[in-house]
Structures are given as C-alpha cells and as structure tokens.
Amino acid sequence: AKVDNTYFVGNNFGSIMPFFGFGQFSSVMTGVYAAQDILGIGNYEKLSQKMRHAYENSLVLSRTMEKLDNAKLDFIVQNFSSSLFPFIKRLPTLLI
C-alpha cells in the first residue's frame, strides 16, 4: 500500500504469508516496486496487486485453519499425508 509519499514494503506491506510464513521474495519485490514508482517507471499499487491478493487469500486460509478443532486437523493431516505419500515415496526416483 502507498499513502501519499509513504510506501509500505516488506513486513509493513504484509508480504509474510500468515498461513505458510513465506514472504522474503515478496518483501524484496515490494521494495523494488516502490523504487520503480519513485523513479516514475512503474505503478506501485498495480505492481503489488497480485501480492496483496495472495496475502489476503493466505489470511483467509489461516483464519479458517485456526477455527478447526484437533479432530478436524487430524483428519486433514491424515488425508493429506495419505494422498501425498505415494508421490513422496517416488520422489527420489523422479529426481534422477
């Protein structure tokens, strides 16, 4: 976000995803986008729009997961693990 001549970049922009905790690349890119806007070769709001949308989606996912009780979390982990296990087991052969 940008307010007047103040650019919110990195953590202040909200580039760390609430659910996964990723965001180093987004943090750097918000700084680059702010510099481009200052130099007049880009529009900060437009350039950072996809990152803002990704942050909002991650926030929804995080808030949804926080509402689940242990039984529901166990169900998700169990099904997620069992559906990925065959792929994970084959991963070393896929990388060769």
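Reader: With which residues is Gln36 in contact, leaving aside its neighbours within four places in sequence?

Author: Contact here means heavy atoms within 4.5 Å. In this predicted model, Gln36 is in contact with Ile41, Gly42 and Leu47 once the neighbours within four places in sequence are left aside. Gln36 itself belongs to helix H1. The C-alpha atoms of Gln36 and Leu47 are separated by 9.5 Å, and the two residues are 11 apart along the chain.

Reader: Is Gln36 buried, exposed or partly exposed, and on what value does that rest?

Author: A residue is called buried under 20% relative accessible area and exposed over 50%, with partly exposed in between. Gln36 has 24% relative accessibility and therefore counts as partly exposed.

Reader: Which residues of H3 are buried, and what covers them?

Author: The same reading can be applied to H3. Met51, Tyr55, Ser58 and Ser62 are the buried residues of H3. They span an arc of only 65° around the axis, which puts them on the same side of H3. What covers them includes H1. The face of H3 turned away from this buried side carries the exposed residues Gln49, Lys50, Val60 and Arg63. As for its span, H3 has 18 residues and reaches 26 Å from first C-alpha to last, close to the 26 Å expected at 1.5 Å a residue.

Reader: How many salt bridges does a search of the whole structure find, and which residue forms a salt bridge with Asp37?

Author: A salt bridge is a side-chain nitrogen of Lys or Arg within 4 Å of a carboxyl oxygen of Asp or Glu. The search of the whole structure finds 1 salt bridge. Asp37 forms a salt bridge with Lys2, with the closest N and O atoms 3.1 Å apart. Because Asp37 lies in helix H1 and Lys2 in strand S1, the pair ties together parts that are 35 residues apart in sequence. Asp37 is buried, at a relative accessible area of 17%, whereas Lys2 counts as partly exposed at 33% relative accessibility.

Reader: Where is Phe13 found, and with which residues is Phe13 in contact?

Author: A residue in a loop can be read through its accessibility and its contacts. Phe13 is found in the loop between S2 and H1, and Phe13 is buried, with a relative accessible area of 2%. Leaving aside neighbours within four places in sequence, its contacts are Ala1, Phe8, Thr30, Tyr44, Ser48, Met51 and Arg52. For one of these residues, Ser48, the C-alpha atom is separated from that of Phe13 by 9.4 Å, although the two are 35 residues apart along the chain.

Reader: What is the phi of Asp4, and where is the place of Asp4?

Author: Asp4 has a phi near 55°, a positive value in a residue other than glycine. Asp4 sits in the loop between S1 and S2, and counts as exposed at 68% relative accessibility.

Reader: Which residues make the nonpolar surface patch?

Author: Phe75, Ile76 and Phe80 make a nonpolar surface patch of about 320 Å². Ile76 lies in helix H4, residues 70-94, and is partly exposed, with a relative accessible area of 36%.

Reader: In what order do the elements of the protein chain run?

Author: The protein chain has 4 helices and 2 strands. From the N terminus on, these elements run β-β-α-α-α-α. Buried residues make up 20% of the 96 residues in the protein chain.

Terms used: Residues are numbered from 1 along each chain as its sequence is written. This is a predicted model: local features need pLDDT of at least 70, side-chain atom pairs count only at pLDDT 80 or more; totals for chains, interfaces and linings use all residues. Side-chain values use heavy atoms; hydrogens and water are left out. Patches are made of residues with over 30% relative accessible area and no salt bridge: like charges are joined within 9 Å, nonpolar side chains (Val, Leu, Ile, Met, Phe, Trp, Tyr) within 5 Å. Accessible areas come from the Shrake-Rupley method with a 1.4 Å probe; for residues, only the protein chains shown count as cover. Buried means under 20% relative accessible area, exposed over 50%, partly exposed in between (1.4 Å probe, protein chains only). The expected span of a helix is 1.5 Å times one less than its number of residues. The arc is that of the directions from the helix axis to the C-beta atoms.
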